[in-house]
Amino acid sequence: MVRTKELSDFQRGTVIGCHLSNKSVRQISALLELPRSTVSAVIVKWKRLGATTAQPRSGRPHKLTELDRRVLKHVARTNRPSSVATLTTEFQTASGSKVSTRTVRRELREMGFHGRAAAHKPKITKSGLQAVTVADDIKEKVKLDLPKVKGQLLIFGATNWDLIGRKEVPKAQAAFRNLGQNLWGPHRYGSLSDVQVSSVVSGPCAAHSLLITTEGKLWSWGRNEKGQLGHGDTKRLEAPKLIEALADEVVVAAACGRNHTLALTEGGTAYSFGENKLGQLGQGNQTDAVLSPALIQYNGQPLVKVACGAEFSMVVDCKGNLYSFGCPEYGQLVRHVQNWMVSCALHDVLFLSGHNSDGKFIARAQRIEFDCETIARRVAIFIEKSKDGQVTPVPNVVVRDVACGGNHTLILDSQKRVFSWGFGGYGRLGHTEQKDEMVPRLVKLFDFPGRGASQIYTGYQCSFAINEMGGLFFWGVTNTSRESTMYPKAVQDLCGWKVRSLACGKSSIVIAADDSTISWGPSPTFGELGYGDNKAKSSTTAQEVKTLDGVYTEQVVMGYAHCLVIARQDTPQEQDKLKKLPEYNPGPL
């Protein structure tokens with residue numbers, strides 16, 4: 001009989017932490033590189049005994065795990081003034097660990113706390129508690145341009161917004177469970193026949209969408225349980241509607257998270273609305289929902305880019321600085337950059353790097369919560385890792401573009417380098433391993449002369465880049481039942497095609513290239529591939545979308561299971577072709 005691999009206390013605690021974060025045994029095994037039998041045994045023992053850490057032997061000092069240290073720091077900060085004995089009791093309740101007051105006192109001293117909890121002042125203070133502020137006299141003045149694109153909006157895929165990504169409609173929306181259908185081919189919105197669209201927006205984990213007109217007006221529709229449509233209510237919308245609260249603003253860009261939205265104006269200010277339980281709106285607090293657009297808590301240089309993950313957000317200013325806020329679960333926010341001094345023995349130097357954190361702490365026994373960032377904090381550390389694990393800082397990173405998947409982020413800098421970080425499952429970070437990355441790490445393939453990247457895109461669990469020569473590269477996974485792509489690989493089916501726009505939803509991909517629209521994706525699909533009624537519903541290889549023959553696609557965007565297209569209508573022939581497409585006129589709720 002093969003013996004179960006013996007694990008350290010820290011490893012067992014990590015397994016249970018992952019289990020409490022609703023990860024499967026298979027996912028935990030892949031993330032921690034442990035046998036599934038070992039992971040299962042740890043979880044079973046924990047459920048029976050309710051313990052993951054061994055008791056310290058008599059006469060030996062008890063060393064806390066990294067997770068327990070974070071819990072202790074949180075307890076010390078939130079229980080002032082308190083004696084060490086009180087802190088010990090609070091810590092034992094929060095973590096479930098049995099430790100002595102001596103251990104707690106020693107750990108607090110190592111963290112930089114001294115005396116009673118009232119005088120506990122860490123030597124390394126948490127930065128970024130104040131909103132980013134730049135004096136008005138040195139702040140740049142910008143006027144951002146709208147995209148040069150204009151055309152008509154087309155939609156295909158799932159339109160039952162409350163059901164998308166769920167097994168059944170929530171009870172609150174039960175009356176609308178049969179409202180909305182799967183559109184298997186491209187349709188025109190009848191209510192938008194006279195509206196010229198400049199940009200469309202959604203996200204790989206979003207069931208709501210946005211459009212920006214050529215006048216810079218922002219419209220929204222779709223799921224609205226958390227007010228992510230910005231209309232001051234939580235009523236679902238079947239067709240696009242102007243956001244009245246932003247009617248006086250010229251909106252040039254926007255981004256959609258799972259249940260929240262960011263909007264960027266021509267003056268470089270950002271508004272946010274929707275769910276805010278994890279601080280993803282950047283308004284300095286954590287609330288259930290914000291139903292109308294409000295400015296994010298930021299007074300720095302004008303912003304030029306916005307992006308949203310599932311429960312976190314990223315913004316870029318005109319100087320190329322990157323800021324993040326929201327949920328830090330997989331390290332996608334790059335937090336606590338002050339407390340990791342990494343020694344580079346080969347170079348005889350010490351440099352300040354981002355030890356980051358996933359923000360996880362145990363609020364009370366068997367319940368994990370996250371220390372979320374509620375205001376924009378600058379991401380200041382970028383690194384490169386060698387094969388043997390040696391870490392070196394990458395200087396002079398000026399961010400030009402940012403893209404967010406469900407729980408990971410990609411950036412493109414001014415030197416055409418690509419960095420990725422966040423959740424590493426299925427190889428979506430492109431580093432040939434599945435480990436989470438807590439700080440932006442260089443993707444080696446694009447760090448060579450003439451092989452840099454020109455565009456980046458993300459799907460829910462995958463990433464894309466187009467290099468300087470026009471080649472499309474993919475890494476990650478769209479079908480979790482198939483083998484993952486652990487590092488960037490060229491998409492051979494699209495060699496020779498000039499890609500101008502790409503979108504990826506939960507598992508489907510749509511591309512605008514040359515005069516064609518191309519799509520593919522595994523089953524199940526809901527029409528987002530656009531192949532038409534009575535046609536194949538899915539495809540494992542790239543295929544041209546025949547229903548869009550003769551239609552020039554300016555931009556493609558995907559939500560979780562729907563696709564939006566801006567179709568050019570400059571010539572009479574293009575207008576006639578679009579008129580032949582069916583209209584979609586959803587009834588009112």
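Leaving aside neighbours within four places in sequence, which residues is Leu472 in contact with? Some notes on that and a few other spots follow.

1. First, the ground rules. This is a predicted model, where local features need pLDDT of at least 70 and side-chain atom pairs count only at pLDDT 80 or more, while totals for chains, interfaces and linings use all residues. Residues are numbered from 1 along each chain as its sequence is written, and side-chain values use heavy atoms, with hydrogens and water left out.

2. Back to Leu472. Beyond its neighbours within four places in sequence, Leu472 is in contact with Phe464, Ala465, Ile466, Lys489, Ala490, Val491, Leu494, Leu502 and Ile511. Contact here means heavy atoms within 4.5 Å.

3. Leu472 also shows up in the largest nonpolar core, which has 33 residues; Leu472 is among those with the most contacts inside it, along with Leu154, Phe464, Leu494, Leu502, Ile511 and Trp520. The elements giving two or more residues to this core are strands S1 (152–158), S26 (462–467), S27 (472–476), S29 (499–504), S30 (509–513), S31 (516–521), S33 (553–558) and S34 (562–567). S30 gives the largest share, five residues. For the terms: a nonpolar core is a set of buried Ala, Val, Leu, Ile, Met, Phe, Trp, Tyr and Cys residues joined through side-chain atoms within 4.5 Å. Buried means under 20% relative accessible area, exposed over 50%, and partly exposed in between, with a 1.4 Å probe and protein chains only. Helices (H or I, at least four residues) and strands (E, at least two) are DSSP runs, numbered from the N terminus.

4. There is a second, separate core of 30 residues, and Ala206, Val251, Val315 and Ala376 are included in it.

5. On to the sheet that holds S26 and S27. It is open, has four strands in the order S25-S26-S27-S28, and the pairing is antiparallel. S25 (453–458) and S28 (485–490) are the edge strands, each with a single partner, so one side of each has no neighbour in the sheet. From one strand to the next the twist averages 15°, with axes fitted as lines to C-alpha atoms (for helices over the stretch in contact) and angles running from 0 to 180 degrees between N-to-C directions. S26 and S27 are antiparallel and joined by five bridges; Cys462 has Gly476 in S27 as its bridge partner. Strands count as paired if DSSP finds at least two bridges between them.

6. Phe464 is in S26 and Phe474 in S27, 10 residues apart. Both Phe464 and Phe474 are buried. The criterion: rings of Phe, Tyr and Trp (its six-membered ring) pair if their centres lie within 6.5 Å, with planes under 30 degrees apart counted as stacked, over 60 as edge-to-face and the rest as tilted.

7. Now S31, where six of the six residues are buried, so the strand is largely enclosed by the rest of the structure. Ser516, Ile518 and Trp520 are buried on one side, and Thr517, Ser519 and Gly521 on the other. S31 pairs antiparallel with S30 over five bridges, and Ala512 stands opposite Thr517. S30 and S31 form a hairpin with two residues between them, and Asp514 in the turn has a positive phi of about 50°. S31 also pairs antiparallel with S32 (residues 539–544), here over three bridges, with Ile518 opposite Glu544.

8. The whole structure has seven aromatic pairs. One of them, Tyr189 with Trp221, is edge-to-face at 5.8 Å centre to centre and 80° between the planes. Tyr189 lies in S2 (residues 182–189) and Trp221 in S5 (residues 218–222), so the pair ties together parts 32 residues apart in sequence. Tyr189 is buried at 1% relative accessibility, as is Trp221 at 0%. Ring pairs also link Tyr189, Trp221 and Tyr584 into a cluster.

9. Last, Gln152 in strand S1. Gln152 counts as buried, at 6% relative accessibility. Not counting residues up to four places away in sequence, Gln152 touches Arg188, Ser193, Val565, Ile566, Ala567, Gln569 and Leu578.
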